[in-house]
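Me: Got a model open here and want to talk through some side-chain pairings. Can you take a look?
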Amino acid sequence: TGESLFMARSKYPNLIVAAPDFDWYVKNSKAMIRIFGDYTPDIEQYSIDEAFLNMTGSEGLFGPPLEAAQTIKDRIHRELGFTVNIGIAPNRLLAKMASDFEKPDKIHVLTQDMVPQKLWPLPVGNLFGVGPKSVKRMHEIGIYTIGDLANADILRGVFGVRGQVFRDYANGIESEPMTRSEVKDNSYGNSVTTPQDLKRPVEADATMLALCESVAGRLRMDGKTARVITVQLVDNAFRRSSHQVTLNSPTNSTDVIYHTARELMRQMWPDRPVRLVG
């Protein structure tokens with residue numbers, strides 16, 4: 001995941017690549033959130049395919065947590081056609097960890113008293129908020145599991161204030177609000193990796209037109225307009241460049257967006273062939 005197609009194909013030349021369909025993802029994300037709204041008004045969207053639902057006090061309407069989770073999971077599969085994982089917990093941190101335990105199409109419960117049994121044996125890198133650099137530093141001081149982290153005493157000296165946050169998380173305590181990337185329609189975009197090198201801007205025009213129609217169509221569907229247009233290109237040496245322009249008046253016209261993006265693309269076309277257009 002996240003590896004370039006060039007690197008992936010160098011490892012496995014027979015790789016079958018399926019093109020993404022971001023419009024479809026957005027459509028289903030919004031449909032999923034609408035379903036959640038039938039069960040609670042307290043929804044915090046965390047990413048395009050994840051959300052936290054506060055179901056406190058809803059037992060009288062939808063039954064105990066496991067029953068409510070099963071109802072929601074079955075409805076999403078029935079109406080939208082895909083499976084989801086659900087984590088049930090007393091806070092967002094543990095719900096997020098529980099939902100990642102085992103996939104797909106599963107429901108997991110992680111209460112505070114289950115943390116030593118279910119969370120502590122896992123590698124420390126599995127803990128929310130602990131990135132690769134932090135994992136490397138933790139390994140250097142003898143911390144390999146979440147349990148090691150939960151019982152460590154030297155974290156503040158090594159990581160400063162973050163050290164206490166790490167330790168709280170390892171103990172299932174949400175000591176501060178989780179950093180979240182809410183999906184807000186303040187920007188609309190689309191990009192595609194081309195199946196072959198594009199040597200001249202004219203070779204990318206059809207691709208750019210399709211991308212502009214996708215973006216403009218989503219703007220129109222949401223009743224919105226945009227003022228800033230940005231074009232991004234990546235050449236076959238994986239060097240990324242982007243140019244942007246601010247329009248005199250906002251628009252959701254495919255024609256306006258396309259002709260603006262087309263001109264930007266010609267202004268910034270790199271010396272090497274292009275492999276990604278956005």
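Me: What do the side chains of Arg-262 and Asp-205 do?
Reply: They meet in a salt bridge, 3.3 Å from N to O. A salt bridge here is a side-chain nitrogen of Lys or Arg within 4 Å of a carboxyl oxygen of Asp or Glu. Keep in mind this is a predicted model, where local features need pLDDT of at least 70, side-chain atom pairs count only at pLDDT 80 or more, and totals for chains, interfaces and linings use all residues. Residues are numbered from 1 along each chain as its sequence is written, and side-chain values use heavy atoms, with hydrogens and water left out.

Me: Where do Arg-262 and Asp-205 sit?
Reply: Arg-262 is in helix α12 (residues 254-268) and Asp-205 is in helix α11 (residues 205-221), 57 residues apart. Helices are DSSP runs of H or I with at least four residues, strands are E runs of at least two, and both are numbered from the N terminus.

Me: Is Asp-205 buried or exposed?
Reply: Buried, because its relative accessibility is 9%. The cut-offs are under 20% relative accessible area for buried, over 50% for exposed, and partly exposed in between (1.4 Å probe, protein chains only). Arg-262 is partly exposed at 29%.

Me: How many salt bridges does a search of the whole structure find?
Reply: It finds 19. One of them joins Asp-197 and Arg-275 at 3.4 Å, N to O. That pair links strand β5 (residues 192-198), which holds Asp-197, to strand β8 (residues 274-277), which holds Arg-275.

Me: Which residues are linked in a network?
Reply: Glu-50, Lys-96, Asp-100 and Lys-103, through salt bridges.
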